[in-house]
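Work through these exercises with the sequence and the model side by side. Try each task before you read its solution.

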Amino acid sequence: MTFALRMNFVDVVPDNSLKNTYVDGKKNGYQFDIRLSYYRGHFLSVIDEFGIEVDGKKVSDDEIRFCLNGKELAPWQLSEAYTEFWPILKPATIKVLKVGGLDSGDHNVKVTLFFRAPYMPIGPNHQYMEYNSCGEKTLPVID
């Protein structure tokens, strides 16, 4: 990708959304919310690139679940999610499977999210305008 349009409508990572998750009383990971920084919602299948870094370390796609509309999808499944619409006002929850979760304190969360607008062709061969909906924020973890 050589160019991506950026529109700063919302904080991609909302405040107070980073939480450890528990199963049977043991930390098994953490989660946080993300918002689409755009003026309208989109189907998940238009997401071309998605990734997470926490405290400067890339999180493996195998550990990530993109949760929306009662469904949990691995990043590789997003391109096939043609019927899953992400409304502009609804945050998605990102779950990370990590035994032990996060230590208490502040953590830097970086989201890489590029998507295409299927209604904005910009050239031959079915190319479409790319949008940058990336975001980064330092948040305290809530236990």
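**Exercise 1. A loop residue**

In which loop does asparagine 16 lie?

*Solution.* Asparagine 16 sits in the loop between strand E1 (5-6) and E2. Strands here are DSSP runs of E with at least two residues, helices are runs of H or I with at least four residues, and both are numbered from the N terminus. This is a predicted model: local features need pLDDT of at least 70, side-chain atom pairs count only at pLDDT 80 or more, and totals for chains, interfaces and linings use all residues. Residues are numbered from 1 along each chain as its sequence is written, and side-chain values use heavy atoms, with hydrogens and water left out. Now take the backbone. Phi of asparagine 16 is near 55°, a positive value in a residue other than glycine. The cut-offs are under 20% for buried, over 50% for exposed and in between for partly exposed (1.4 Å probe, protein chains only).

**Exercise 2. The whole chain**

How many helices and strands does the protein chain have? What share of its residues is buried?

*Solution.* Count the elements. The protein chain has zero helices and 13 strands. Next, take burial. Of the 143 residues in the protein chain, 41% are buried.

**Exercise 3. The five-stranded sheet**

In what order do the five strands of the open sheet stand? Which are the edge strands?

*Solution.* Read across the sheet. The order is E2-E3-E10-E7-E8, with antiparallel pairing. Two strands pair if DSSP finds at least two bridges between them. Strand E2 (19-23) and strand E8 (71-73) are the edge strands, each pairing on one side only. What holds strands together in general? Strands of a sheet pair through backbone hydrogen bonds, either parallel or antiparallel.

**Exercise 4. Bridge by bridge**

How many bridges join E2 to strand E3?

*Solution.* Start at E2. Five bridges join E2 to strand E3 (residues 26-34). Valine 23 has lysine 26 in E3 as its bridge partner. Tyrosine 22 has lysine 27 in E3. Look at the turn as well. The hairpin of E2 and E3 has two residues between the strands, and aspartate 24 there takes a positive phi near 55°.

Move on to E10. Six bridges join E3 to strand E10 (residues 92-97), again antiparallel. Isoleucine 34 is bridged to alanine 92 in E10, and glutamine 31 to lysine 95 in E10.

Finish at E7. Strand E7 (residues 64-68) is joined to E10 by four bridges. Isoleucine 64 stands opposite valine 96 in E10.

**Exercise 5. The largest pocket**

Which residues line the largest pocket?

*Solution.* List the lining: Tyr30, Val54, Asp55, Lys57, Lys58, Val59, Glu63, Val96, Lys98 and Leu102. Sort it. Five are nonpolar, none polar and five charged. Ala, Val, Leu, Ile, Met, Phe, Trp, Tyr, Cys and Pro count as nonpolar, Asp, Glu, Lys and Arg as charged, and the others, Gly among them, as polar. A pocket is an open set of points on a 1 Å grid over the protein atoms alone, where a 1.4 Å probe fits, with protein on both sides within 12 Å along at least five of seven lines; lining residues have an atom within 4 Å of a point.

Now place aspartate 55. It is in the loop between strand E5 (47-54) and strand E6 (57-58). Aspartate 55 is partly exposed because its relative accessibility is 39%. Its phi is positive, near 55°.

Then place glutamate 63. It lies in the loop between E6 and E7. Glutamate 63 is partly exposed because its relative accessibility is 32%. Glutamate 63 and alanine 74 are 11 residues apart in sequence and 8.1 Å apart in space, C-alpha to C-alpha.
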